[in-house]
Amino acid sequence: MASLKVPASVPPPYEDAEQLNKAFKGWGTNEGLIISILAHRNAAQRNLIRQVYAEAYGQDLLKDLDKELSSDFERVVLLWTLDLAERDAYLANEATKRFTSSNWVLMEIACTRSSHDLFKARQAYHARYKKSLEEDVAYHTTGDFRKLLVPLVSAFRYEGEEVNTMLAKSEAKILHEKISDKAYSDDEIIRILTTRSKAQLNATLNHYNNAFGNAINKNLKEDADNEFLKLLRATIKCLTYPEKYFEKLLRLAIKKIGTDEWALTRVVTTRAEIDMERIKEEYRRRNSVTLDHDIAGEASGDYERMLLALIGHGDA
């Protein structure tokens with residue numbers, strides 16, 4: 001359910017590459033031309049443009065974009081132009097760095113990607129950084145956060161819809177017992193959340209709700225200030241209702257004093273070709289206003305135009 005609007009008749013990649021090269025020439029960069037091309041090409045088309053650009057001009061398109069653009073507009077264009085696996089590897093690596101560290105970004109990548117896409121991100125991480133994502137996550141996290149995040153980023157979950165009802169009932173009981181004992185980082189909780197398929201987890205959590213009268217995340221709100229519990233609740237939301245997780249992330253990014261452009265950019269670039277329609281529907285339901293309305297109110301200039309084009313509302 002992608003929002004991205006790709007023109008019915010797309011020029012061949014050599015024409016796009018030529019136009020992008022022209023956008024960098026002369027006095028000042030033609031940002032509008034960059035948006036009109038890159039914001040309206042899908043992942044396969046963008047990859048072809050990068051290949052053709054390198055062959056035609058002997059330059060890496062990403063490096064030329066980096067040289068010509070700046071600020072939030074530069075970040076959104078660069079993240080968007082990367083292919084999915086490269087982008088996730090880049091974001092994950094950034095999330096392990098001292099000044100941009102984020103357990104949330106690592107969890108988000110691990111829990112909202114398909115098993116295949118997460119595997120490809122780990123491969124891209126190897127290729128770019130000459131080490132594994134798992135070792136960097138293990139090195140840069142500690143305690144309960146490490147205990148949860150390392151198996152999350154290492155996971156290769158079954159993707160099918162098959163569900164074992166008896167298993168769902170027994171594991172719902174295990175989860176309830178551990179949470180009742182406040183053993184939030186117990187090995188069994190970690191095992192269930194980091195290995196079971198999303199379909200199986202949904203069945204387990206539905207049974208939890210029915211059997212014990214509360215959604216699991218309500219029972220995990222015992223200590224509102226506990227950072228590990230916040231991450232654990234977000235993990236469960238990402239695995240079961242990713243559109244609700246992303247809606248909240250966007251709402252907080254837009255509504256906070258001083259927009260969180262990094263979060264806004266990350267969500268738009270990573271979800272535009274995946275589930276942006278569902279996220280937009282959830283945003284409208286939750287906020288009684290459209291996502292494009294709020295983005296237009298907070299962002300400006302080329303950054304705003306690129307974001308709106310990516311969520312399917314721009315006419316750039």
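User: How many of the 11 residues of α17 are buried?
Analyst: In α17, 9 of the 11 residues are buried, so this helix is largely enclosed by the rest of the structure. Buried means under 20% relative accessible area, exposed means over 50%, and partly exposed is in between, with a 1.4 Å probe and protein chains only. Helices are DSSP runs of H or I with at least four residues, and strands are runs of E with at least two, numbered from the N terminus. Before we go on, this is a predicted model: local features need pLDDT of at least 70, side-chain atom pairs count only at pLDDT 80 or more, and totals for chains, interfaces and linings use all residues. Residues are numbered from 1 along each chain as its sequence is written, and side-chain values use heavy atoms, with hydrogens and water left out.

User: Which residues of α17 are the buried ones?
Analyst: They are Ala-263, Leu-264, Thr-265, Arg-266, Val-267, Val-268, Thr-269, Thr-270 and Arg-271.

User: And at what angle do α5 and α17 pack?
Analyst: Helix α5 (residues 71-81) and helix α17 (residues 261-271) pack at about 25°, and their axes are 10 Å apart. The axes are lines fitted to C-alpha atoms, for helices over the stretch in contact, with angles from 0 to 180 degrees between N-to-C directions. The two helices are therefore roughly parallel to each other. For the wording, under 35 degrees is roughly parallel, over 145 roughly antiparallel, 65 to 115 roughly perpendicular, and the rest oblique.

User: Which residues make that contact?
Analyst: From α5 there are Asp-72, Arg-75, Val-76, Leu-79 and Trp-80, and from α17 there are Glu-261, Trp-262, Thr-265 and Thr-269. Contact here means heavy atoms within 4.5 Å. By class, the residues of this contact are 4 nonpolar, 2 polar and 3 charged. Ala, Val, Leu, Ile, Met, Phe, Trp, Tyr, Cys and Pro count as nonpolar, Asp, Glu, Lys and Arg as charged, and the others, Gly among them, as polar.

User: What does Glu-94 touch?
Analyst: Leaving out residues up to four places away in sequence, Glu-94 touches Arg-75, Thr-100, Ser-101 and Trp-262. Arg-75 and Trp-262 are also among the residues where α5 meets α17. The side chains of Glu-94 and Arg-75 are joined by a polar contact of 2.7 Å. A polar contact is a pair of N or O atoms within 3.5 Å; within protein, one must be able to donate a hydrogen and the other to accept it, and residues adjacent in sequence count only if both atoms are side-chain atoms.

User: Is Glu-94 buried or exposed?
Analyst: Glu-94 counts as buried, at 13% relative accessibility. Its place is in helix α6 (residues 84-95).

User: Switching topic, where is Glu-273?
Analyst: Glu-273 is in the loop between α17 and α18 (276-287). With a relative accessible area of 25%, Glu-273 is partly exposed. Its side chain reaches the backbone nitrogen of Ala-43 at 3.0 Å. The C-alpha atoms of Glu-273 and Asn-42 are 7.7 Å apart, although 231 residues separate the two along the chain.

User: Back to helix pairs: how do α9 and α10 cross?
Analyst: The axes of α9 (residues 133-140) and α10 (residues 143-154) come within 9 Å and cross at roughly 170°. They are therefore roughly antiparallel to each other. Residues in the contact include Leu-133 and Val-137 of α9 and Leu-149 and Val-153 of α10. The contact has 7 nonpolar, 1 polar and 2 charged residues.

User: And what about α15 and α16?
Analyst: The axes of α15 (residues 227-240) and α16 (residues 242-255) come within 5 Å and cross at roughly 125°. That makes α15 oblique to α16. Ala-234, Lys-237, Cys-238 and Thr-240 in α15 meet Pro-242, Lys-244, Tyr-245 and Lys-248 in α16.

User: Last one: what is the phi of Lys-130?
Analyst: Lys-130 has a positive phi of about 60°, although it is not a glycine. Most residues other than glycine have a negative phi. Lys-130 lies in the loop between α8 and α9 and counts as exposed at 69% relative accessibility. Lys-182 also has a positive phi of about 60°, and is in the loop between α11 (165-180) and α12 (187-195).
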